Amino acid sequence: MSLLDGKVVLVNGGSQGLGAAVARAAVQEGAVVAVTGRRPEPGEALVAELTAAGGEAVFVRADLSDAGQAKASVGRVVEAYGRVDCLVNSAGLTSRGTLLDTTPELFDQHIAVNLRAPFFAMQAAVADMVGRGAPGTVVNIITSSAHGGQPFLAPYVAAKAGLMGLTRNAAHAHRFDRVRINGLNIGWTATAGEDATQRAFHGAGDDWRERAAARLPMGRLGQPDEIADFVVLLLSDRSGVVTGSVIDWDQNVLGGLD
């Protein structure tokens, strides 16, 4: 049997980037997948790709900066399929700001997308699982920067560090409900969104990936499909009883010094 055979999986922020990679991996492992995004074009294109390959997928349009829409995304999936077995919170805002130049508006944007949306999506998904008396799994995509991060990521770090704590808190609260909640602190990853960020905020040229890779221990950036495979494992029963774990999926070692 496939790892997610027959499971209903909601990937918030799943229409592109890492979320889309998770959606592809979940469908390959037998899941029915719903993906959310603000723009219908990439979401519908992904669903068409997945269904053409023989999978079952649906796009749910949602602006996750709105807590009501984050909760409603779960409700839409429950209406369509009767339940949500697995939730992946993959949406993320990475716009730059330091402690000294971050405006209240920018701070609130990061909290809305990177912390509040996962909170209320989890609230709705776990309520469905608990209400049915059924086990379920959640994976939150966090960041290795949540341990401290770069000076230009101050509001991002604040929100993602909150998500790291929330992951453990929710896992503890619902362990006897058999709802397993884990997180991944991902490192530098080669996505289209990261490419746009490097160009917009750091003046990066076409060779930025090669230059970045040369500075990394493994000589390359992390790849979305690698992370997606790990997410699928955590969603599946093959990850056993593991809950409340926030795993550093990175090639740099926290606390290591040269």
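1. The bend at a residue is the angle between two axes, one fitted to the seven residues ending there and the other to the seven starting there. By that criterion helix α4 (residues 104–132) has a kink of about 40 degrees, centred on Ala-112. Helices here are DSSP runs of H or I with at least four residues, and strands are runs of E with at least two, both numbered from the N terminus. Helix α4 has 29 residues and reaches 40 Å from its first C-alpha to its last, close to the 42 Å expected at 1.5 Å a residue, where the expected span is 1.5 Å times one less than the number of residues. Just after α4, Gly-133 takes a positive phi of about 65 degrees.

2. On provenance, this is a predicted model, in which local features need pLDDT of at least 70 and side-chain atom pairs count only at pLDDT 80 or more, while totals for chains, interfaces and linings use all residues. Residues are numbered from 1 along each chain as its sequence is written, and side-chain values use heavy atoms, with hydrogens and water left out.

3. How are the strands arranged, and in what order do they form the sheet? Seven strands form an open sheet with parallel pairing, in the order β3-β2-β1-β4-β5-β6-β7, two strands being counted as paired if DSSP finds at least two bridges between them. The edge strands, each of which pairs on one side only, are β3 (56–61) and β7 (246–249). Neighbouring strands of the sheet are turned by 15 degrees against each other on average, direction ignored; axes are lines fitted to C-alpha atoms, for helices over the stretch in contact, and angles run from 0 to 180 degrees between N-to-C directions.

4. Strand β5 (residues 136–141) runs parallel to strand β6 (residues 179–186), and six bridges join them. Val-138 stands opposite Ile-181 in β6. Helix α5 (residues 154–173) packs on the sheet, where α5 touches β5, β6 and β7 (contact means heavy atoms within 4.5 Å), and the direction of α5 makes about 155 degrees with that of β6. Further along the pairing, Ile-141 stands opposite Leu-184 in β6.

5. Is β6 mostly covered or mostly open? Eight of its eight residues are buried, which requires under 20% relative accessible area, against over 50% for exposed and values in between for partly exposed (1.4 Å probe, protein chains only). Both faces of β6 are covered, with Val-179, Ile-181, Gly-183 and Asn-185 buried on one side and Arg-180, Asn-182, Leu-184 and Ile-186 buried on the other.

6. Helix α2 has 13 residues and reaches 18 Å from its first C-alpha to its last, close to the 18 Å expected at 1.5 Å a residue. The buried residues in α2 are Pro-40, Pro-42, Gly-43, Leu-46, Val-47 and Leu-50, and what covers them includes α1, β2 and β3. Just after α2, Gly-54 takes a positive phi of about 100 degrees.

7. The largest nonpolar core has 32 residues, of which Val-9, Val-33, Val-35, Val-231 and Leu-235 touch the most other members; such a core is a set of buried Ala, Val, Leu, Ile, Met, Phe, Trp, Tyr and Cys residues joined through side-chain atoms within 4.5 Å. Helix α1 (residues 17–28) gives the largest share of this core, eight residues. Apart from this core lies another, of 25 residues, among them Val-74, Val-126, Leu-166 and Val-246.

8. Leu-166 lies in helix α5 and counts as buried because its relative accessibility is 14%. Leaving aside neighbours within four places in sequence, Leu-166 is in contact with Leu-115, Phe-119 and Met-122. Leu-166 and Gly-183 are 17 residues apart in sequence and 9.9 Å apart in space, C-alpha to C-alpha.

9. Two further buried residues deserve a look. Ala-70, in helix α3 (residues 67–81), has a relative accessible area of 0% and is therefore buried; with neighbours within four places in sequence left aside, Ala-70 is in contact with Leu-64, Ala-117 and Ala-121.
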